[in-house]
Amino acid sequence: MKIFSLFCGVDAFQQQLEQIRPKLYRVAFSWSHNAALADDLVQETMIKALKNAAQLRDPALMNSWLFSILANCWRDHFRQHRDMDDIEELEDHRCIHETTPEDEHAQTQIVDRVRNAVAMLPMGQRQVLTLVDLEDFPYIEVAAILSIPIGTVMSRLCRARQSLKILLKELAPQQTARVSHIRRVI
């Protein structure tokens, strides 16, 4: 009976891992801007989580625990590849919609502008911004995930939002003044 419950617990743990996997990928992709690297980071996170499942004492904290592992994997990646430059390869995942191609193009341009603006932020600000604004983590959990004080989370988030606002204005296409072709008829 004990062995059966042990297997059931492992199965539930794996199901929870599968449910959170897309969130981990989104965050990893937003940090790295590289689909292959994001896959590798998520895979490494899952392997470490499965190996160290016994260390998770409170299942309610599983999300924070997994994102902490992801942040550590990201740091490890940087340590291993310090001499390499960031490669910005953005893949566009296009889905079939009932919208027009112009709408999709406009949407893609907006998404690209936001991704480029987020990519231009310093790493610390980018991590805090993606965890708070994209994944809705509270400040206290972000502080725990990144192992930084909560005041640092708030200040980085404030600076990230201000920088993002300026960057999005700079990256916006210039509006040309419209010339009216309507003439007065007297």
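Which residue's side chain does Arg26 meet in a salt bridge? The close-ups below begin with that pair. The model is predicted, so local features need pLDDT of at least 70 and side-chain atom pairs pLDDT 80 or more, while totals for chains, interfaces and linings use all residues. Residues are numbered from 1 along each chain as its sequence is written, and side-chain values use heavy atoms, without hydrogens and water.

**View 1. Arg26 and Glu135 form a salt bridge.** Here the N to O distance is 3.2 Å; a salt bridge is a side-chain nitrogen of Lys or Arg within 4 Å of a carboxyl oxygen of Asp or Glu. Arg26 lies in helix H1 and Glu135 in the loop between H5 and helix H6, so the pair ties together parts 109 residues apart in sequence. Helices are DSSP runs (H or I, at least four residues), numbered from the N terminus. Glu135 is buried at 7% relative accessible area, whereas Arg26, at 45%, is partly exposed. Buried means under 20%, exposed over 50%, and partly exposed in between (1.4 Å probe, protein chains only).

**View 2. Arg79 and Asp76 pair within helix H3.** Their side chains meet in a salt bridge (2.9 Å, N to O), and the two residues sit 3 apart, about one turn of the helix. Asp76 is partly exposed, with 26% relative accessibility. Buried residues of H3 include Trp65, Phe67 and Trp74.

**View 3. Arg161 and Asp133 form a salt bridge.** The closest N and O atoms are 2.6 Å apart. This pair links helix H7, which holds Arg161, to helix H5, which holds Asp133. Both residues are partly exposed, Arg161 at 40% and Asp133 at 34%.
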